[in-house]
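Take a look at the chain below. We will walk through it step by step.

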Amino acid sequence: MSTTTGAPAPLRVAVVGCGVIGRLHAEVAARSADLDVVALVDPHDERTAAVSDELVAAGSRAPRRFAALADALAAGGIDVVSVCTPSGEHAALALEALEAGAHVVVEKPLDVAIEPARRLRDAAAARPGQVVAVISQHRHDESALAVRRAVDAGRLGRLTSAVANVDWYRTQEYYDSGEWRGTWALDGGGALMNQGVHTLDLLLWFLGEPVEVVAYTARLGHERIEVEDVAVAIVRFASGALATLHASTTVYPDLGVRLQVHGTDGSAVIEADELTFFHARDAEDGDWKANQAAEEVGGGATGSVRGALDPQESHVAQYGSSHDAQWADVVGAVREGRAPWVTLDDGLRALATVRAVYLSATLGEPVRVADVVDGRYDGVATRTGASERVGTSA
Ligand SMILES: NC(=O)c1ccc[n+]([C@@H]2O[C@H](COP(=O)([O-])OP(=O)(O)OC[C@H]3O[C@@H](n4cnc5c(N)ncnc54)[C@H](O)[C@@H]3O)[C@@H](O)[C@H]2O)c1
């Protein structure tokens, strides 16, 4: 597909779910010459109308508006479907889009349950011409890229351990703001499934294959939610490396995210998306404790690059613009016929590790991540809090 000027025509995007993150996806598409939002889908008409108004105000054409994805797909003219609904609907909607012939972008987490996520992965494997990407925008942060480069080059030596702390605060109003929030069925978990999965994905990206998890979870700072607001876990990796994972939405005041990666020849620390400490033995200049972080990221901004829209008016202020980078990768994957940077396997591995945490906390025993992926725990209900342990009945 190309325009009369020879440039490829923009990919026609349908945004499914016009809440907080759907609006961001629409903004990202609106500022990209490679993307054109042609359809908005949400059962709440006022939400598609509000996003449409914003797109028109930004100079885009008014997209068509639909109450259900099936209607949008039936109307045709869609190249990419962006799934931005509550997490428990992700895999089913992505599968619907895939089977209609569209490329798919799925917001994190891939889903809340393994079974539909696995079905999606298998269906996508049978359709290699279609791109399916899972959003994990922090992999595009300069800080994360610098750490991954160092790991790949062996500059940190043998990776031995990591400490991942997601020390966030979410008000009770946040959980009350959407009926799906804090439910097992649609949020699929709390501090770890919804908020911590970003940092967990980076942890897996740096340390490799997770083997086994031991965990506890608790709900201590919120009411009217089924899921945890504190999750603490130990993860053992195939390399032998060990990591601790602490994800909370009840840390007051909010202390943000900190991820430490340690090896025999170096250490890296990412705080609030910035590379705040980096030291590798190969760059030592007589001072073995010197912080080499500035050199590692070229002395520029280390976190997400800020977007062009007015930060006051846009979700860019909250989410940075790594979504732009991930969408650019999706465009490249579609046009070049290659895999996207964050694949279904990546999304499934992160989801299975989160599920392993919940299963371990529920069952009171270590859980192997491969067993979760393979379906050994399909149908096992998970619960929050040690006092609510349940058995393995479906
Ligand atoms: N990548 C990130 O940084 C990031 C940030 C926030 C949210 N998210 C993810 O995005 C997803 C949505 O979160 P949110 O905060 O935007 O929620 P939200 O409640 O603000 O928006 C969800 C929207 O989906 C709509 N919806 C529900 N079922 C639908 C269906 N079947 N078809 C079409 N629309 C439907 C709802 O009416 C609602 O408008 C979640 O999975 C969340 O984990 C990702």
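This is a predicted model: local features need pLDDT of at least 70, side-chain atom pairs count only at pLDDT 80 or more; totals for chains, interfaces and linings use all residues.

The protein is divided into two parts: domain 1 (11–137 + 323–343) and domain 2 (139–300 + 344–394). Their centres, taken over C-alpha atoms, are 26 Å apart. The two domains touch. Domain 1 puts 25 residues into the contact, and domain 2 puts in 26 residues.

Look at the side of domain 1 that touches domain 2. The elements that give two or more residues to it are helix H5 (114–125), strand S6 (132–134) and helix H11 (322–336). Of these, H5 gives the most, with seven residues. Sorted by class, this side of domain 1 has 14 nonpolar, six polar and five charged residues.

Now turn to the core. The largest nonpolar core has 113 residues. Among those with the most contacts inside it are Ala14, Val104, Leu203 and Val357. Helix H12 (residues 344–363) gives the most to this core, with 11 residues. Where does the core lie? Domain 1 and domain 2 both give residues to this core, so it lies between them.

Val357 shows what such contacts look like. Leaving aside neighbours within four places in sequence, Val357 is in contact with Leu192, Val213, Ala215, Ala231 and Ala233.

Last, pick out Ala49. Ala49 is found in helix H2 (residues 45–57). Is Ala49 buried, exposed or partly exposed? Ala49 has 15 C-beta neighbours inside 10 Å, so it counts as partly exposed. A buried residue would need 20 or more, and an exposed one 12 or fewer. Arg65 is 16 residues away from Ala49 along the chain, yet their C-alpha atoms are separated by 7.6 Å.

Note on methods
Residues are numbered from 1 along each chain as its sequence is written. A nonpolar core is a set of buried Ala, Val, Leu, Ile, Met, Phe, Trp, Tyr and Cys residues joined through C-beta atoms within 7 Å. Helices (H or I, at least four residues) and strands (E, at least two) are DSSP runs, numbered from the N terminus. Domain bounds come from an automatic or database domain assignment. Two residues are in contact if their C-beta atoms, placed from the backbone, lie within 7 Å. Ala, Val, Leu, Ile, Met, Phe, Trp, Tyr, Cys and Pro count as nonpolar, Asp, Glu, Lys and Arg as charged, and the others, Gly among them, as polar.
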